[in-house]
Amino acid sequence: MKFTNRVRFMLWVYIIALNAILRYPATPHEIGWDTFGIHALANSISEFGYAKWWVNLLSIAGFYPCSYASAVPSLVSGISQCTGIDMEWTVWLFCTLTGIFTAFFAYIMAGTIRDNDIFKFLVAFGYSTAPGVLNFSTWQLSTRGLFITLFPLFIYLVLKLRYSLKYIPLAFLLFITLVVTHHLFYFAIPVILCFIIVAMFYKIGEYIRIRIPDRFINIVSINLSIILFWIPFFTYSFISETSSRYEWLIFLARTYVRHVGILLIFAIGGLTYILLKNDKKFDEWFLLAILISGAPLLWIYRYSKWSFIVFATIFAGVSIDNIAKVQENRRYALIAIIIGLLLSLTFSAFYQHFRTNIIGRPTYNERYMEDGTYVAGLWIKDNIDGNMVCNDVTVSKRIFAISEVPMLTGDGTIDLTNGLIKISDLNITKVSPLSSDFYFEGPYIRTPHTPFTGYYVSLLNEVDFDSYYGKRVISKFNLSFVIENEDIGDNPFIRSIHREKDNIYDDAKIQIWCLN
């Protein structure tokens, strides 16, 4: 079905406005934990003009000790420098724009699967408003967020290779971009392999005419999908040792519902339709190949859920598009679609503006940066010149991101960029290609059980400042100030500071003590 240009324009206005509204901040400041680490790295690029954690070629993609995937910090730093906007609001702008772009990329991706305006707009709407997508594109600076945005565009370019090889350079460049964005780029590899396999079978079919009954193919596809999915259940592969396989299965279901939303119900219908459909087209075989090859990986929910969202949205679009084509009882079919989309939107809005960002977090570890922390960061920026340490690793990153005054955070990449450690101080070990660490961490890792900044931060919170170990850590990192988050309570180090040192700042959330 084709819409008029006017209808397309109105639908795009609605989708863009809806995405902007859903991403309107429900918190006073930035959200998340990774956000502030990436914020700090972006500050470092803006200040020094280069990424200080690039000590090896592998550092660019985060595959070397004390490194981080560089795409997001570089992009955010570039936007801030070009616009002159404060970094905190640059983060908000970046997240909002990438969130809106997910709709455009999902739309053009859907167009390569079905040249149908209803289907394309359904996929654009469903993907851009999925709870998992919204979560990482709302004032939360995450490398996952950029991967989620670019993944549909990558699928689009791969599918376009069927018609023209001129898309190879673009697909290759985007794949490299995904590599330096997040380690989730591994989920782009099955997309490439499945496309190649399906294309090869189609090419072979042009020369070898073998007629296999559709019913037989459907039965094999269904059974193969089911068998591969349940293999981890019986072998305990990808299941945490602390969980039973039944608990893990329930948790998987909750995770996928949480990140896809109500559209997951429609996705099951669309998946069933493609599995049972006769005379499948190229794109439907491609989706089926992705489903079959990725079935066991669904148990690795921490990573698979981010690639699963886009395919679930495609299957949901197929299901709703089929419902829209129903001629008998058409009115009831349209009512069912409208109710389904409204429920999906309500579910996403509930998690976006209520459950995720407001409810369920202890006061000492809010998911967003509180005003007291932000104000303290600004005060430190104007009044303190010296290295700092904090009794709360979360608050330490947040204050460092705002103040840009060197802070011993325990995060190797951040401590490397702020000059508190050198890469030559680390013991680095090669990793065997047969180890999973080789692929998730990189060919080199910090030698296990060797002291690191995280160790020194934890040690400092367990001893008095004037003890042997306290003096050693303070001297090693030339610490001059201690930041105290009052909400988490004291410890031996903080108690000794209270007895001996002067308080120079107190806003009922953050206290600052001078060691000198």
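L263 is found in helix α12, where helices (H or I, at least four residues) and strands (E, at least two) are DSSP runs numbered from the N terminus. At 4% relative accessibility, L263 counts as buried; buried means under 20% relative accessible area, exposed over 50%, and partly exposed in between (1.4 Å probe, protein chains only). Leaving aside neighbours within four places in sequence, L263 is in contact with G126, A316, I320, L341 and S344, contact meaning heavy atoms within 4.5 Å. The C-alpha atoms of L263 and S319 are separated by 9.7 Å, although the two residues lie 56 residues apart along the chain.

The model is predicted, so local features need pLDDT of at least 70 and side-chain atom pairs count only at pLDDT 80 or more, while totals for chains, interfaces and linings use all residues. Residues are numbered from 1 along each chain as its sequence is written, and side-chain values use heavy atoms, with hydrogens and water left out.

**Confidence**

The chain averages a pLDDT of 88, and 97% of the residues score at least 70; pLDDT is the predictor's confidence in each residue, from 0 to 100. Confidence is highest in helix α8 (residues 168–179), at a mean of 96, and lowest in helix α19 (residues 436–440), at 78. Over residues 358–364 pLDDT stays under 50, and the model has 14 contacts beyond four places in sequence for this stretch. Where pLDDT is low, the predicted coordinates should not be read in detail.

Helix α13 (residues 282–294) has 13 residues, which at 1.5 Å a residue should span 18 Å; its end C-alpha atoms are 18 Å apart, in agreement. The expected span is 1.5 Å times one less than the number of residues. Of the 13 residues in α13, 10 are buried, including F286, L287 and I290. Elements covering these buried residues include α7 (143–160), α9 (189–207), α10 (214–235), α12 (263–276) and α14 (301–324).

The largest nonpolar core has 100 residues, and those with the most contacts inside it are F151, F154, I155, V191, F286 and F311. Such a core is a set of buried Ala, Val, Leu, Ile, Met, Phe, Trp, Tyr and Cys residues joined through side-chain atoms within 4.5 Å. Helix α14 gives the most to this core, with 13 residues. Beyond its neighbours within four places in sequence, F311 is in contact with F151, I155, V191, L287 and I290. Another core, of 28 residues, lies apart from the largest one and has L426, F465, V473 and V482 among its members.

**Aromatic rings**

The structure holds 36 aromatic pairs. Rings of Phe, Tyr and Trp (its six-membered ring) pair if their centres lie within 6.5 Å; planes under 30 degrees apart count as stacked, over 60 as edge-to-face and the rest as tilted. W89 and W92 form an edge-to-face pair, with 6.0 Å centre to centre and 70 degrees between the planes. Because they are three residues apart in helix α4 (residues 87–111), W89 and W92 are separated by about one helical turn. F350 and Y351 are also edge-to-face, with ring centres 5.4 Å apart and planes at 85 degrees.

| Residue | Relative accessible area |
|---|---|
| W89 | 43% |
| W92 | 26% |
| F350 | 39% |
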